Amino acid sequence: MNLLSFVGNDEVKKRLSDYFINGRLPHFIILQGEEGTGKRTLSKLIASAAVCRSDAFSAPCFTCPACIRAKAGTHPDIKTVTGTGASGQISVESIRNIIEDAYLKPEESQYSIYLLFAGNVMSEATQNKLLKIIEEPPKGVMFILCIKSAESLLPTVRSRAGIFTLKAPLKEETLSFLKKEYPEKTEDELKDATDAFSGNIGRIKAYFDEQSSEKNGLNVMNTVTEICTQLLKSDEYSLLRMLHPFVKEKQKLLMLISSLSEVFRDAVAYKSGSDKFISVDKSSAMSLGAKLTRVQLMKLPEVCRKYADLMSKNANQSLLVTAFCSELRKTVGK
């Protein structure tokens, strides 16, 4: 299997390649790891290899018609199911549809591949439904589940899977990749981003994409910093003013809340004496950690999770933003 384009995780790549070349690739694969570690990218490479017309050592070749369609997301034998909501839940109905489809013969290749992008968790009902098909799958059917942690799954589901853990590449590997991906960036910019996100390529790319986006003049990272500053003051209006432009931009609003949650988690860690950060805004995390109590800090990520889930649904965003600001201020005693 040709996984040279995937950065880092050499041990995982070797295991997958050995299984594939020897015809022993599990019919149910779980790729686990933090957001940004490449679970989706790797799952698509595996799927491309399965439908590729080249030999087992060269697949995916990226040049045959099957690989071209796989890369474009139009290959008929590769199906994708993406979870919804802040936690990325996959519904029971989605698994029911997969089961019905899995008993149909592949249209072009010898495999039918189902990519399941589950986010953080899967409900027990969804897992039990999935269990029915992974216990005795039809010939040639492969499932690749991407999830933050396999530990959140039922033991019966885990026991039927080949589990592969992805981590951020070594910083020098990340830096080498970024130099090719972002030739317009200076080496200092790339090094700073690599250090800030501990080599996590997915998070770095999201950060750079956010920096270059000027849609509606909204900048998530700058707003996160401003919110953290205002949280330590008693001006409620300023928080509302900063968040109001995001009301009609749900995805950016969810990104903002996710970034805020990372800063809050860093603040908790800093309060506990850690010097490792997962957010890009170290200074805000350190400032909050120095000025708020541990109890206050530990409640802030919970507030973010609560409202991210509510905002991902069809609710009144303006009212939720107002309530979110109010609860943040109440949590920090303002």
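1. Basis. The model is predicted, so local features need pLDDT of at least 70 and side-chain atom pairs count only at pLDDT 80 or more, while totals for chains, interfaces and linings use all residues. Residues are numbered from 1 along each chain as its sequence is written, and side-chain values use heavy atoms, with hydrogens and water left out.

2. Helix α2. This helix covers residues 39–51 and has 13 residues. Of these, 10 are buried, so α2 is largely enclosed by the rest of the structure; buried means under 20% relative accessible area, exposed over 50% and partly exposed in between (1.4 Å probe, protein chains only). Among the buried residues are K39, L42 and V51. The buried residues of α2 pack against several elements, including α1 (10–21), β1 (28–32) and α3 (65–72); contact means heavy atoms within 4.5 Å.

3. Aromatic pairs. Rings of Phe, Tyr and Trp (its six-membered ring) pair if their centres lie within 6.5 Å; planes under 30 degrees apart count as stacked, over 60 as edge-to-face and the rest as tilted. The count comes to 4 aromatic pairs. Y114 and F143 are stacked, at 5.5 Å centre to centre and 25 degrees between the planes. Because Y114 lies in strand β3 and F143 in strand β4, the pair ties together parts that are 29 residues apart in sequence. Both Y114 and F143 are buried. Y182 and F208 form an edge-to-face pair, at 4.8 Å and 65 degrees. Y182 is buried, with a relative accessible area of 9%, and F208 is buried at 3%.

4. Nonpolar cores. A nonpolar core is a set of buried Ala, Val, Leu, Ile, Met, Phe, Trp, Tyr and Cys residues joined through side-chain atoms within 4.5 Å. The largest has 36 residues, and L260, F264, M311 and F324 have the most contacts inside it. Helix α12 gives the largest share of this core, 9 residues. Apart from it lies another core of 31 residues, among them I29, L45, A59 and A70.

Technical notes
Helix = DSSP H or I, 4+ residues; strand = E, 2+ residues; numbered from the N terminus. Expected span 1.5 Å × (residues − 1).
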